[in-house]
Amino acid sequence: MSTVLEDVLAANAAYANGFDKGDLPMPPGRHFAILTCMDARLDPAKYAGLAEGDAHVIRNAGGRASDDAIRSLVISYKLLGTREWFVIHHTNCGMETFTDEIMRDLLASSLNTATVDATGWHDSGQGPGSAEGRYIDWLTIKDNARSVVEDVTRIRNHPLVPGAIPIYGYIYDVTTGKLVEVPEASAVGRSR
Ligand SMILES: [Zn+2]
């Protein structure tokens, strides 16, 4: 068995051993949702003070308002009653380090893990790769305040999102653990 698998199963056995949350209702008790990045340095339960049952946390690369993230947010309010949403991107996001073109070329070259140095991303070139990457919009980020504004704007203007839900835009600083508001995003996301 891989060490990771062993460790995860051991941690889960310990968690389940003291488990006393078996009676929680499905709808989030604090009626809010967070859309944020999958970055391993971000722990929304800790940075936003969540316990089991409190809130929805939707994560993807970049915390972007992709069609699938919006699918989850719509379910979150329509069926499970959330009333306030956060879009939280972060400093030093990996999504700032590449473009669609770079990602597509890396994948076309091989499916091995790429390496990065001061001159950018490099592929081993030990293919085969795949051209499928050309059909995916990787939703990369050039400027993370801008990406928060863009994503809050997209969610705010989505026909399936009611105007009454405020959408707050923040950047999590990975060096301090602090959430820093993006005022332009929160202004766009204001309820109406
Ligand atoms: Zn990130």
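Mentor: Contact, as the word is used here, means heavy atoms within 4.5 Å. This is a predicted model in which local features need pLDDT of at least 70 and side-chain atom pairs count only at pLDDT 80 or more, while totals for chains, interfaces and linings use all residues. Residues are numbered from 1 along each chain as its sequence is written, and side-chain values use heavy atoms, with hydrogens and water left out.

Trainee: Which residues is W85 in contact with, leaving aside its neighbours within four places in sequence?

Mentor: W85 is in contact with A33, L73, S76, Y77, I155, V161, I165, P166, I167 and Y168, once neighbours within four places in sequence are left aside.

Trainee: And which residues have the most contacts inside the largest nonpolar core?

Mentor: They are L35, W85 and I155, in a core of 20 residues. A nonpolar core is a set of buried Ala, Val, Leu, Ile, Met, Phe, Trp, Tyr and Cys residues joined through side-chain atoms within 4.5 Å. Buried means under 20% relative accessible area, exposed over 50%, and partly exposed in between, with a 1.4 Å probe and protein chains only.

Trainee: Which elements give two or more residues to this core?

Mentor: Those elements are β1 (32–37), α3 (67–78), β3 (84–90), α5 (144–156) and β6 (167–172). Helices (H or I, at least four residues) and strands (E, at least two) are DSSP runs, numbered from the N terminus. There is also a second, separate core of 13 residues, which includes F32, I34, Y47 and I88.

Trainee: Let me step back. How many helices and strands does the protein chain have?

Mentor: The protein chain has six helices and seven strands. Along the sequence they follow the pattern α-β-α-β-α-β-α-β-β-α-β-β-α. Of the 192 residues in the protein chain, 32% are buried.

Trainee: What is the order of the strands in the open sheet?

Mentor: The open sheet has five strands in the order β2-β1-β3-β6-β7, with mixed pairing. Two strands pair if DSSP finds at least two bridges between them. β2 (55–60) and β7 (179–181) are the edge strands, each pairing on one side only. From one strand to the next, the twist averages 30°. Axes here are lines fitted to C-alpha atoms, for helices over the stretch in contact, and angles run from 0 to 180 degrees between N-to-C directions.

Trainee: Why is β3 described as largely enclosed by the rest of the structure?

Mentor: Five of the seven residues of β3 are buried, so the strand is largely enclosed by the rest of the structure.

Trainee: Which strands does α3 lie across?

Mentor: α3 lies across β1, β2 and β3, and runs at about 175° to β2. α5 packs on the sheet as well, touching β1, β3 and β6, and its direction makes about 155° with that of β3.

Trainee: New topic, the metal. Which residues coordinate the zinc ion?

Mentor: The zinc ion is coordinated by C37 (SG), H90 (NE2) and C93 (SG), at 2.0 to 2.3 Å. Donors are N, O and S atoms within 2.8 Å of the metal (3.2 Å for Na, K and Ca); water is not among the atoms, so sites may look incomplete. The donor residues are spaced C-x52-H-x2-C in sequence.

Trainee: Where do C37 and C93 lie?

Mentor: C37 lies in strand β1 and C93 in the loop between β3 and α4 (100–109), so the pair ties together parts that are 56 residues apart in sequence.

Trainee: Are those two cysteines buried or exposed?

Mentor: Both C37 and C93 are buried. The relative accessible area is 4% for C37 and 4% for C93.

Trainee: What does C37 touch, not counting residues up to four places away in sequence?

Mentor: C37 touches L42, R59, N60, A61, G62, G63, I88, H90 and C93.

Trainee: Last one: where is S66?

Mentor: S66 is in the loop between β2 and α3. At 16% relative accessibility, S66 counts as buried. Leaving aside neighbours within four places in sequence, S66 is in contact with N60, L139 and R154.
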